Amino acid sequence: MGLRRENFKMVGKLCVITLGMFGFGYALVPIYNAICEMTGINILALSEREVPGARPKLPANTQVDRSRTITVEFDVNTRGPWHFKPAVRSMEVHPGELSTVVYEFQNIQNRTMAAQAIPSYAPKQSAAHFNKLECFCFTQYTLAAGEKKEWPVAFIIDPRLPKDVTTITLSYTFFEVGGKVPQAPQDVAVQAPAVVLPKGADPV
């Protein structure tokens, strides 16, 4: 009889613990929200709380200077038999705005080659304000014969760019690594053939 009473007590305790766990689970969400409200950590966006299922909005980039527009021109120089060009020749951007341009390259030779690109900027003072987040420059690439590649360049122009700079030219020089660049043909002086005069004739 005593054993049965102990079993009933144990079952009662387990029931109380189970109910307490369920109650704690239901109370966990409002407790979590209250903690987030007090600490300001991981707080839900207003749109999420007002409209269930709404997508969270990313905070606006307050660093973008929409009062200014910079024209960025893209120029390429190739030293070798291949195709290399930007997808667009220029674009209008705001300082502080993230922009991307894609460069297209094709090895039109019948052999594998290794090449890389070096950037330059005009005017020169713009180089310190042209920040590239993604770029293929200074990286050596190996391309098979006829292989095509597309490389993005993601950049942000620093809002501290001098006010008098309204146009920036980003230029890439693409050259073969370890290859020989053909020299420019040199001018050869052409000498006139000697004229043989008949014997006894006076030269003009």
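This is a predicted model: local features need pLDDT of at least 70, side-chain atom pairs count only at pLDDT 80 or more; totals for chains, interfaces and linings use all residues.
Four strands form an open sheet in the order S2-S4-S8-S6, and their pairing is antiparallel. Strand S2, covering residues 82–86, and strand S6, covering residues 130–134, stand at the edges; each has a single partner strand, so one side of each is left without a neighbour in the sheet. From one strand to the next, the twist averages 25°.

The individual pairings can be followed residue by residue. Strands S4 and S8 pair in the antiparallel sense over 9 bridges. Within this pairing, Thr100 has Ala154 in S8 as its bridge partner. Strand S6 is joined to strand S8, residues 148–157, by 4 bridges, and these two strands also run antiparallel. Here Asn131 stands opposite Ile156 in S8, while Lys132 stands opposite Phe155 in S8.

Is Phe105 buried or exposed? With a relative accessible area of 2%, Phe105 is buried, because buried means under 20%. In sequence, Phe105 and Phe84 are 21 residues apart, yet their C-alpha atoms are 4.5 Å apart in space.

Charged side chains come next. The structure holds 4 salt bridges. One of them is formed by the side chains of Lys85 and Glu104, with 4.0 Å from N to O. Lys85 lies in strand S2 and Glu104 in strand S4, residues 98–107, so the pair ties together parts that are 19 residues apart in sequence. Lys85 has a relative accessible area of 42% and is therefore partly exposed. Glu104, at 28% relative accessibility, likewise counts as partly exposed.

Another salt bridge joins the side chains of Lys149 and Glu147, at 3.5 Å from N to O. Lys149 counts as partly exposed at 33% relative accessibility, and Glu147 is partly exposed with a relative accessible area of 25%.

The side chains of Asp158 and Arg160 also meet in a salt bridge, with an N to O distance of 2.9 Å.

The structure holds 18 aromatic pairs. Among them is the pair of Tyr103 and Phe136, which is edge-to-face, with 5.4 Å centre to centre and 65° between the planes. This pair links distant parts of the chain: Tyr103 belongs to strand S4, and Phe136 to the loop between S6 and strand S7 (141–143), 33 residues apart. Tyr103 and Phe136 are both buried.

The rings of Trp151 and Phe174 are arranged in another way. Their centres are 5.9 Å apart and their planes stand at 25°, so the pair is stacked. Which parts of the chain does the pair of Trp151 and Phe174 tie together? Trp151 lies in strand S8 and Phe174 in strand S9, residues 167–176, so the parts brought together are 23 residues apart in sequence. Trp151 counts as buried because its relative accessibility is 8%. Phe174 has a relative accessibility of 0% and therefore also counts as buried.

Key
Residues are numbered from 1 along each chain as its sequence is written. Side-chain values use heavy atoms; hydrogens and water are left out. Two strands pair if DSSP finds at least two bridges between them. Axes are lines fitted to C-alpha atoms, for helices over the stretch in contact, and angles run from 0 to 180 degrees between N-to-C directions. Buried means under 20% relative accessible area, exposed over 50%, partly exposed in between (1.4 Å probe, protein chains only). Rings of Phe, Tyr and Trp (its six-membered ring) pair if their centres lie within 6.5 Å; planes under 30 degrees apart count as stacked, over 60 as edge-to-face and the rest as tilted.
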